[in-house]
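This report looks at a ligand shell, a helix and an annotated residue. Please keep the sequence and the structure at hand while reading.

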Amino acid sequence: MARSRLSSSTLSTVCRKSCFNKEGHSLNKVDQTIERIQMPNESARQEASRYLDTLTKPMRSLGRLEELAVQLAGITGTLPLDVMRKAIVVMAADHGVCKEGVSAYPSEVTSQMVMNFLNGGAAINVLARQAGADVVCVDMGVNADLQHESLYVRKVKRGTGNIAIGEAMSRDEAIAAIGHGIELAEELAEKGYRLFATGEMGIGNTTPSAAMLAVLAGIEVEQAIGRGTGIDDIAMKRKRDAIERAIAVNRPDAEDPLDVLSKLGGLEIAGLVGVILGAAARGCPIVIDGFIASIAALTAARLAPQSLSYMIPSHVSQERGHRLVLEQLGLEPMMDLKMRLGEGTGAALCFNLVDAAVLIMKEMATFEGAGVSRE
Ligand SMILES: O=C(O)c1ccc[n+]([C@@H]2O[C@H](COP(=O)([O-])O)[C@@H](O)[C@H]2O)c1
Ligand SMILES: Cc1cc2nc[nH]c2cc1C
């Protein structure tokens, strides 16, 4: 089915501004990827919607599952839908701001958990197996020399700078990290993966995420911060102070998502921005996990508003700012399971709902076929 192209003139000025670095060089990879993201196929959406109304159920009675089926039809441009090969991209990195005492756990847990992912023992491995998905584990900036045959090493540097005293990374490093994410999404799409999810691991990463939220949403730091891995009131005060200093020292430009990302963000967050843009450019749906992954989604949406159509918000996490991020995105989460783990765990669970929406379209009988009266 033909898919409508979004003309470059409809791209936001924020995007245009962000697609050039300080020297005025075009950020080819990011720029071209953004330009390739098409609007969903409206006629496939309408066809899916009409078909759902012929199935043996009261109209719209499968609620969000029906909306999901329509979204998938619009994204893939195909009917009937088919179960898709699934990849959960778990990006890991360390954070200099941990020196401010903002997490309940030591930084070494980042690299230790990466090895746990690679050995198949973490929550994400269990939930991925249950959903029939593969875990793709990526070192975007872990402060250790990790080696494993299944590890994708895309290390931009060994952890970010401490945002409370300076920038997290340079603009070029942020662009490099986004570029790795784009290339990885392309590589996985070449291998046959059609449904993506965002996962992350990074001790301390709720601090840069909250800092980015405060700036991108223009809200008080107090509203953006949460307890992350489970910090007490004293550490919460340190977290608030660290973010306030980070914003004062770095003076990020809220209208320039790359500036906010590079000054306040994380290497795994930047990598996930690339995965989201890359998946969308390939016409693949991408399931968004919790707070940190949603900040990557918000950054991607500010760079490329049309990427929003490809996002499926899996769940709302217990982390305080997550609802606000979803509001900024204008997305309603599929689930509220009181989870706050990250790793892509909420997204892995949501894969089951995506499969359910596909199978409803594929396997349910129509009123006519089953001889069921409509009126
Ligand atoms: O995804 C979420 O909503 C989420 C909420 C709270 C914590 N996390 C995870 O916990 C780590 C960050 O917590 P913290 O307290 O170290 O900033 C990081 O590895 C995340 O994957 C994740
Ligand atoms: C053990 C542990 C596992 C995690 N997974 C994601 N963030 C995490 C943080 C900790 C501390």
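The text below describes a predicted model.

**The shell around ligand 1**

The shell around ligand 1 holds 24 residues, and those that come nearest are Ser103, Gly228, Gly290, Ser317 and Gly342. Elements that give two or more residues to this shell are listed in the table.

| Element | Residues |
|---|---|
| β4 | 195–201 |
| α8 | 206–217 |
| α13 | 291–303 |

By class, 12 residues of the shell around ligand 1 are polar, seven are nonpolar and five are charged.

**Helix α6**

Helix α6 covers residues 123–131, and its buried residues are Ile124, Asn125, Leu127, Ala128 and Ala131. In an α-helix, residues three or four places apart point the same way, because there are 3.6 residues a turn. The cover over the buried residues of α6 includes the helices α5 (108–118) and α15 (345–363), together with the strands β1 (86–93), β2 (133–141) and β4.

**Glu343**

An unreviewed UniProt entry lists Glu343 under "active site". Where in the chain does Glu343 lie? Glu343 is in the loop that runs between α14 (322–329) and α15. Is Glu343 buried or exposed? Glu343 counts as buried because it has 27 C-beta neighbours inside 10 Å, and the cut-off for a buried residue is 20 or more. Leaving aside residues up to four places away in sequence, Glu343 touches Val90, Ala122, Ala123, Ile124, Gly199 and Met201. One of these contacts, Ile124, is also one of the buried residues of α6.

Definitions and conventions
Residues numbered from 1 in each chain as written. Chains lettered and ligands numbered in written order. Predicted model: local features only at pLDDT ≥ 70, side-chain atom pairs only at ≥ 80, totals over all residues. Near = placed C-beta within 6 Å. Helix = DSSP H or I, 4+ residues; strand = E, 2+ residues; numbered from the N terminus. Nonpolar A, V, L, I, M, F, W, Y, C, P; charged D, E, K, R; others polar. Buried ≥ 20, exposed ≤ 12 C-beta atoms within 10 Å, placed from the backbone. Contact = placed C-beta atoms within 7 Å. UniProt positions renumbered as here; feature names shortened; annotations may be inferred.
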